[in-house]
Amino acid sequence: QVQLVESGGGLVQAGGSLRLSCAASGSIFSINTMAWYRQAPGKQRELVAAITSGGSTDYADSVKGRFTISRDNAKNTVYLQMNSLKPEDTAVYCCKADIRERGTRFLDYWGQGTQVTVSS
């Protein structure tokens, strides 16, 4: 059974930094794209950043130049380094991974989410 567990959220002042981690565990055969999404109160969930197994990255325009996504394939872990945080970055951040268990096809798995709050 595959699980994604996030950590690293919290409360930070505007201009500060946080680093989120998301570790995948279970009977994992292969992981394709890993990504971070966020959802603020009253808003739709949006893609923040994604990274392929080969290391190609994509970012939402609102976070380009401030956030960096990376991954450690040996640890099945994806990271999101968030710098120069703004109050509008406040949201629940969730990771998603495209994972294939042995003998199955690729499926999307989601973490439970971690709260990031940026105070002004």
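How many salt bridges does the structure hold? The structure holds five, a salt bridge being a side-chain nitrogen of Lys or Arg within 4 Å of a carboxyl oxygen of Asp or Glu. The tour returns to them at its last stop.

Before starting, please note that this is a predicted model, in which local features need pLDDT of at least 70, side-chain atom pairs count only at pLDDT 80 or more, and totals for chains, interfaces and linings use all residues. Residues are numbered from 1 along each chain as its sequence is written, and side-chain values use heavy atoms, with hydrogens and water left out.

**Stop 1: strand S9**

Select residues 91-101, which make up strand S9. Helices (H or I, at least four residues) and strands (E, at least two) are DSSP runs, numbered from the N terminus. Nine of the eleven residues of S9 are buried, so this strand is largely enclosed by the rest of the structure. Here, buried means under 20% relative accessible area, exposed means over 50%, and partly exposed lies in between (1.4 Å probe, protein chains only).

Strand S4 (residues 28-39) runs antiparallel to S9 and is joined to it by nine bridges. Within this pairing, Ile 28 is found opposite Glu 101 of S9. Strand S11 (residues 114-119) is also antiparallel to S9, with three bridges; there, Val 92 faces Gln 115 of S11.

Strand S10 (residues 106-110) is joined to S9 by five bridges, again antiparallel. Selecting Ile 99 shows its bridge partner in S10, Leu 107. S9 and S10 form a hairpin with four residues between them, and Gly 103 in the turn has a positive phi of about 85 degrees.

**Stop 2: the disulfide**

Select Cys 22 and Cys 95, which form a disulfide with their sulfur atoms 1.9 Å apart. A disulfide is counted when a pair of cysteine sulfur atoms lies within 2.5 Å, and a search of the whole structure finds one. The pair links distant parts of the chain, since Cys 22 belongs to strand S3 (residues 18-25) and Cys 95 to strand S9, 73 residues apart. The torsion about the S-S bond is about 45 degrees, so the disulfide is right-handed. Cys 22 is buried, at 1% relative accessible area, and Cys 95 is buried at 0%.

Now select Cys 94, which is in no disulfide; the nearest cysteine sulfur, that of Cys 95, is 7.5 Å away. Cys 94 also counts as buried, at 15% relative accessibility.

**Stop 3: the open sheet**

In which order do the four strands of the open sheet lie? The order is S1-S3-S8-S7, with antiparallel pairing. Strand S1 (3-7) and strand S7 (67-72) are the edge strands, each pairing on one side only. Neighbouring strands of this sheet are turned by 15 degrees against each other on average, direction ignored; axes are lines fitted to C-alpha atoms, for helices over the stretch in contact, and angles run from 0 to 180 degrees between N-to-C directions. Five bridges connect S1 with S3, and Glu 6 lies opposite Cys 22 of S3.

**Stop 4: the largest nonpolar core**

Show the side chains of Trp 36, Leu 80, Met 82, Tyr 93 and Ile 99, which touch the most other members among the 32 residues of the largest nonpolar core. Such a core is a set of buried Ala, Val, Leu, Ile, Met, Phe, Trp, Tyr and Cys residues joined through side-chain atoms within 4.5 Å. S9 gives the most to this core, with five residues.

**Stop 5: the salt bridges**

Select Asp 89 and Arg 38, whose side chains meet in a salt bridge (2.9 Å, N to O). Asp 89 is in the loop between S8 and S9, whereas Arg 38 is in strand S4, 51 residues apart. Asp 89 is buried, at 1% relative accessible area, and Arg 38 counts as buried at 6%.

Arg 66 counts as buried, at 10% relative accessibility.

Finally, select Asp 61 and Lys 64, which meet in a salt bridge (3.1 Å, N to O). Asp 61 counts as exposed, at 66% relative accessibility, and Lys 64 as partly exposed, at 49%.

How values were computed:
Two strands pair if DSSP finds at least two bridges between them.
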